[in-house]
Amino acid sequence: MVDKTKLEFKAMTLPSWAQQMEVAEDGGVRYERKKGSNVVYALNGKDYSCLDCGTTILAVDRTHSIHDGLFPLSGSGEVAHEPIPYCPKCEKKPSSNGGFL
Ligand SMILES: [Zn+2]
């Protein structure tokens, strides 16, 4: 069992509107967490599981509206999708509404 307090997390390079994530590696295993969160996700194969409870990590598809028009809120109506990971046992389901960019 990994001591998650000993993992050295580094910020991932993400757009400012995205959920900020941090990543660590230990013994060849990749760990991720939301910035400021205590819930750590460990990558097993292609699935992430919660380091605390072992539950498979789910994700909500957060939608961001991209307003690139001349006037605010007049944009093309395009949206950006961003998967927000969460542990269904240790965390509340994140909001799928990312608001306006
Ligand atoms: Zn959990």
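Trainee: Leaving aside its neighbours within four places in sequence, which residues is Y41 in contact with?

Mentor: Y41 is in contact with Y31, E32, R33, Y48, S49, C50, L51, I57 and P85, once neighbours within four places in sequence are left aside. Keep in mind that this is a predicted model.

Trainee: How much confidence does the predictor give, and which elements have the lowest and highest mean pLDDT?

Mentor: The average pLDDT of the protein is 87, and 85% of the residues score at least 70. Among the elements, strand β8, residues 97–100, has the lowest mean, 69. Strand β1, residues 10–11, has the highest, 97.

Trainee: How many helices and strands does the secondary structure come to?

Mentor: The protein has 0 helices and 8 strands. Read from the N terminus, the elements run β-β-β-β-β-β-β-β.

Trainee: Which strands form the open sheet, and in what order?

Mentor: The open sheet has 5 strands in the order β1-β2-β3-β4-β5, with antiparallel pairing. Its edge strands are β1 and β5, each of which pairs on one side only.

Trainee: Start at β1, then. How many bridges pair β1 with β2?

Mentor: There are 2 bridges, and β1 and β2 pair in the antiparallel sense. K10 stands opposite V23 in β2, and A11 stands opposite E22 in β2. The numbers go up on one strand and down on the other, as the antiparallel sense of this pair leads one to expect.

Trainee: How many bridges pair β2 with β3?

Mentor: Strand β2 (residues 21–26) and strand β3 (residues 29–34) pair over 6 bridges, again in the antiparallel sense. Two positions show how to read it: E25 stands opposite R30 in β3, and D26 stands opposite V29 in β3. The hairpin of β2 and β3 has 2 residues between the strands, and G27 takes a positive phi near 60 degrees there.

Trainee: What joins β3 to β4?

Mentor: These strands run antiparallel and are joined by 3 bridges. The bridge partner of Y31 in β4 is A42. In this hairpin 5 residues lie between the strands, and G36 takes a positive phi near 85 degrees.

Trainee: Where do side chains point along a strand?

Mentor: In a regular strand they alternate between the two faces of the sheet.

Trainee: Back to Y41. Is Y41 buried or exposed?

Mentor: Y41, which is found in strand β4, is buried because 25 other C-beta atoms lie within 10 Å; the cut-off for buried is 20 or more. Y41 and T56 are 15 residues apart along the chain, with 8.8 Å between their C-alpha atoms.

Trainee: Is P83 buried or exposed?

Mentor: P83, in strand β7 (residues 78–86), counts as exposed because it has 10 C-beta neighbours inside 10 Å; exposed means 12 or fewer. Leaving aside neighbours within four places in sequence, P83 is in contact with A59 and D61. P83 and D61 are 22 residues apart along the chain, and their C-alpha atoms are separated by 4.6 Å.

Trainee: Which residues make up the largest nonpolar core?

Mentor: The general idea is that nonpolar side chains tend to be buried together in soluble globular proteins. Here the largest nonpolar core has 9 residues: Y31, V40, Y41, A42, Y48, C50, L51, Y86 and C87. Both β4 (40–44) and β5 (47–50) supply at least two of its residues. The largest share, 3 residues, comes from β4.

Trainee: What share of the residues in the protein is buried?

Mentor: Buried residues make up 11% of the 101 residues. For the chain as a whole, take contacts between residues at least 6 apart in sequence: 40% of them join residues at least 24 apart.

Notes:
Residues numbered from 1 in each chain as written. Predicted model: local features only at pLDDT ≥ 70, side-chain atom pairs only at ≥ 80, totals over all residues. Core = buried A, V, L, I, M, F, W, Y, C linked by C-beta atoms within 7 Å. Helix = DSSP H or I, 4+ residues; strand = E, 2+ residues; numbered from the N terminus. pLDDT = per-residue confidence, 0-100. Contact = placed C-beta atoms within 7 Å. Pairing = 2+ DSSP bridges.
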